[in-house]
Amino acid sequence: MTDKQVFYYKFNKINGWMILNLALSITLIYRGLKCVCLLYWIQTQILIGLCILSWIGWIWKYVLKHKAVEIDDEGIKLDMSNKLKWSDIANIEEKEVHCCFQKYKVMILKPKTDIEYHYNFLQKHNGEFTAFAVPLYGILSKEDEDKIVAIIKNKVGEKDA
């Protein structure tokens, strides 16, 4: 029996998107209560539809859990990629990569060159982040980041490129 550990992304729920949704919702409710005839206008109905879609998107991103890393005795699975076996990792490297004029710290798992692996689209075209980059820049909780780094270093070893 394998001991599987799953780590999830952690996002701050109170943000600009939520404030925009609240402002739009309050405006639509207030206008709807003050002048019911506005609810029959096509423009108001479109705004109500956009407000509902925006709330659904916000709930999908910030309320539902999104799996970031799944680790078991056999290997590691990042996001929605295929599992990378521990025996197929040549080395690990912690480095800072650039994206949108910001630096992000990632742990890169470098697979051995002789393995046959089916990369998905994002793994093939993800720039500096490479196919197997574990995020260490705040979208996981600090405790989860520390656990993941400890597990990876324990399974793969402290081999740096």
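Tutor: Strands β2 and β3 run antiparallel and are joined by three bridges. A hairpin of three residues connects β2 to β3. Please bear in mind that this is a predicted model.

Student: Which residue of β3 does I71 stand opposite?

Tutor: As a general idea, strands of a sheet pair through backbone hydrogen bonds, either parallel or antiparallel. In this structure, I71 stands opposite I76 in β3. I76 also has a bridge partner in β4, namely L84.

Student: How many bridges join β3 to β4?

Tutor: Strand β3, residues 75–78, is joined to β4 by two bridges, and the two strands run antiparallel.

Student: How many bridges join β1 to β2, and what is the bridge partner of Y8 in β2?

Tutor: There are four bridges between β1 and β2, which run antiparallel. Y8 has K67 as its bridge partner in β2.

Student: In what order do the strands of this sheet stand?

Tutor: The order is β1-β2-β3-β4, in an open sheet of four strands with antiparallel pairing. The edges are held by β1 (5–8) and β4 (84–85); each has a single partner strand, so one side of each is left without a neighbour in the sheet. Helix α4 packs on this sheet, where it touches β1, β2 (67–71) and β3. The direction of α4 makes about 140° with that of β1.

Student: How many of the five residues of β2 are buried?

Tutor: A residue is called buried when its relative accessible area is under 20%. Four of the five residues of β2 are buried, so β2 is largely enclosed by the rest of the structure.

Student: What is the strand order in the open sheet of three strands?

Tutor: That sheet has the order β5-β6-β7, with antiparallel pairing. Here β5 (89–99) and β7 (133–135) stand at the edges with a single partner strand each, which means that one side of each is left without a neighbour in the sheet. On average, neighbouring strands of this sheet are turned by 30° against each other, direction ignored.

Student: How many bridges join β6 to β7, and which residue of β7 stands opposite M107?

Tutor: Three bridges join β6, residues 102–111, to β7, and these strands run antiparallel. M107 stands opposite V134 in β7. Helix α4 (residues 142–156) packs on this sheet, with contacts to β5, β6 and β7. The direction of α4 makes about 145° with that of β5.

Student: Let us turn to charged side chains. How many salt bridges does the structure hold?

Tutor: The general idea is that side chains of opposite charge can pair when their charged atoms come close. The structure holds nine salt bridges. One of them pairs D144 with K10, with 3.7 Å between the closest N and O atoms. This pair links distant parts of the chain, 134 residues apart: D144 lies in helix α4, and K10 lies in the loop between β1 and α1 (16–34).

Student: Are D144 and K10 buried or partly exposed?

Tutor: D144 is buried, at a relative accessible area of 11%, whereas K10 is partly exposed, at 41%.

Student: Where do the partners D72 and K83 lie?

Tutor: D72 and K83 form a salt bridge whose closest N and O atoms are 2.5 Å apart. D72 is in the loop between β2 and β3, and K83 is in the loop between β3 and β4, 11 residues apart. D72 counts as buried at 7% relative accessibility, while K83 counts as partly exposed at 30%.

Student: Which residues are linked with K4 in a network of salt bridges?

Tutor: The network links K4, K67 and E70. Within it, the side chains of E70 and K67 meet at 2.9 Å, N to O. E70 is buried, with a relative accessible area of 10%, and K67 is partly exposed at 38% relative accessibility.

Student: Finally, which residues make the nonpolar surface patch?

Tutor: I42, I46, L47, L50, I52, L53 and I56 make a nonpolar surface patch of about 690 Å². I56 lies in helix α2, residues 42–62. Residues over 50% relative accessible area are called exposed, and I56 counts as exposed because its relative accessibility is 51%.

Definitions and conventions. Residues numbered from 1 in each chain as written. Predicted model: local features only at pLDDT ≥ 70, side-chain atom pairs only at ≥ 80, totals over all residues. Heavy atoms only, no water. Pairing = 2+ DSSP bridges. Axes fitted to C-alpha atoms, helices over the stretch in contact; angles between N-to-C directions. Contact = heavy atoms within 4.5 Å. Patch = residues over 30% accessible without salt bridge, like charges linked within 9 Å, V, L, I, M, F, W, Y side chains within 5 Å. Areas by Shrake-Rupley, 256 points an atom, 1.4 Å probe, with all protein chains shown as cover. Salt bridge = Lys/Arg side-chain N within 4 Å of Asp/Glu carboxyl O. Buried < 20%, exposed > 50% of the residue type's maximum accessible area, 1.4 Å probe, protein only.
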